[in-house]
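Please look over the sequence and the model before you read the points below.

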Amino acid sequence: MTAGTSKYLVTGGAGYVGSVVTAHLLEAGHEVTVLDDLSTGFGEGVPAGAEFVEGRIQDAGRVLDASYDAVLHFAAFSQVGESVVNPEKYWRNNVGGTMDLLAAMRDADVRRLVFSSTAATYGETSVTPITEDVPTAPTNPYGASKLAVDHMIGGECAAHGLAAVSLRYFNVAGAYGSSGERHEPESHLIPLVLQVAQGRRASISVYGDDYPTPDGTCVRDYIHVADLADAHLLALTAAEHGVHHICNLGNGEGFSVRQVIDAVRKVTGHPIPEVVAPRRAGDPATLVASADRARTLLGWRPSRTELTDIIGDAWAFAQDLAKGEQA
């Protein structure tokens, strides 16, 4: 490695966020190994220049050695609905797998970690904006598994001197290069509305239009995936041995469901038919992050905050993906 170059393991680096972070690390001149079992990621999503090892989190021990400077950990199952009907899958992979990863890091003397956590650790809360001091009360096994890992990492830092930062994302969107959202089944609002624009679904369901918000629909905090990736590189520098930092990542500004739909109409030129449906159980009216701690600790500020810009990047990715499927 040349001066100023570090070597990183990215677990889950074939997935949406992990692949974008991998691309940012490579662009910064670092060496990257991606470990991914491709159960939800895509091999073609691994950026050129990264070494790829196909395997589970539990296989980290055969990859890690003392030449690695840190691990960035994205390998997790993340479908809320699936976690409710198959919780054991989430405990086994998200929690058990991370326990094995931490053991592999101890064995290899790799003492720096950035963890992909989630706003789902907070559950339903009426606090706006949400700070890291808001009580955690996850409402599903996915959120609970991520919170359990946060606790596990805190213990690892205190007992074994790990330097770790957990980044709790709110709604990640947009695309970067050849990486964008593609889930099966799709559950995120922006790609679902874009599917309507592509003619892949007839309309978008608006679950509740009688919330105490300006237009009656739920308000959420959207962050561009490239801004999210920037925060991970900053977190590598901010991590302190023996300390577990937890930071929210969001714009600090919310957009309603109807604002998202209107922005998609503007970007795509498609009318986007809406169908109002009953509220979904457990949907808070407003979820907006306070990113003050990330700003202070990491020196991080999102720069891609216009909703139409976020959707424009997602739309370009969706169109390119559709062309590839037709080829």
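1. A contact, as the word is used in this note, means heavy atoms within 4.5 Å. Among contacts in the chain between residues at least 6 apart in sequence, those that join residues at least 24 apart make up 77%.

2. Before going further, please keep in mind that this is a predicted model, in which local features need pLDDT of at least 70 and side-chain atom pairs count only at pLDDT 80 or more, whereas totals for chains, interfaces and linings use all residues. Residues are numbered from 1 along each chain as its sequence is written, and side-chain values use heavy atoms, with hydrogens and water left out.

3. Along its principal axes, the C-alpha trace spans about 55 × 50 × 40 Å.

4. The chain contains nine helices and 13 strands, where helices (H or I, at least four residues) and strands (E, at least two) are DSSP runs numbered from the N terminus. According to the unreviewed UniProt entry, the annotation "domain: NAD-dependent epimerase/dehydratase" covers residues 9-250, although such annotations may be inferred rather than shown by experiment. That span is 34% helix and 21% strand, and its end C-alpha atoms lie 25 Å apart.

5. Which peptide bond is cis, with omega near -10°? The bond in question runs from threonine 128 to proline 129, and proline 129 sits in the loop between strand S5 (112-118) and helix H4 (141-160).

6. Leucine 38, in the loop between strand S2 (31-36) and strand S3 (51-54), has a positive phi of about 60° although it is not a glycine, and leucine 38 is partly exposed, with a relative accessible area of 28%. Aspartate 109, in the loop between helix H3 (87-108) and S5, also has a positive phi of about 60° without being a glycine, and aspartate 109 counts as exposed at 56% relative accessibility.

Notes:
Buried < 20%, exposed > 50% of the residue type's maximum accessible area, 1.4 Å probe, protein only.
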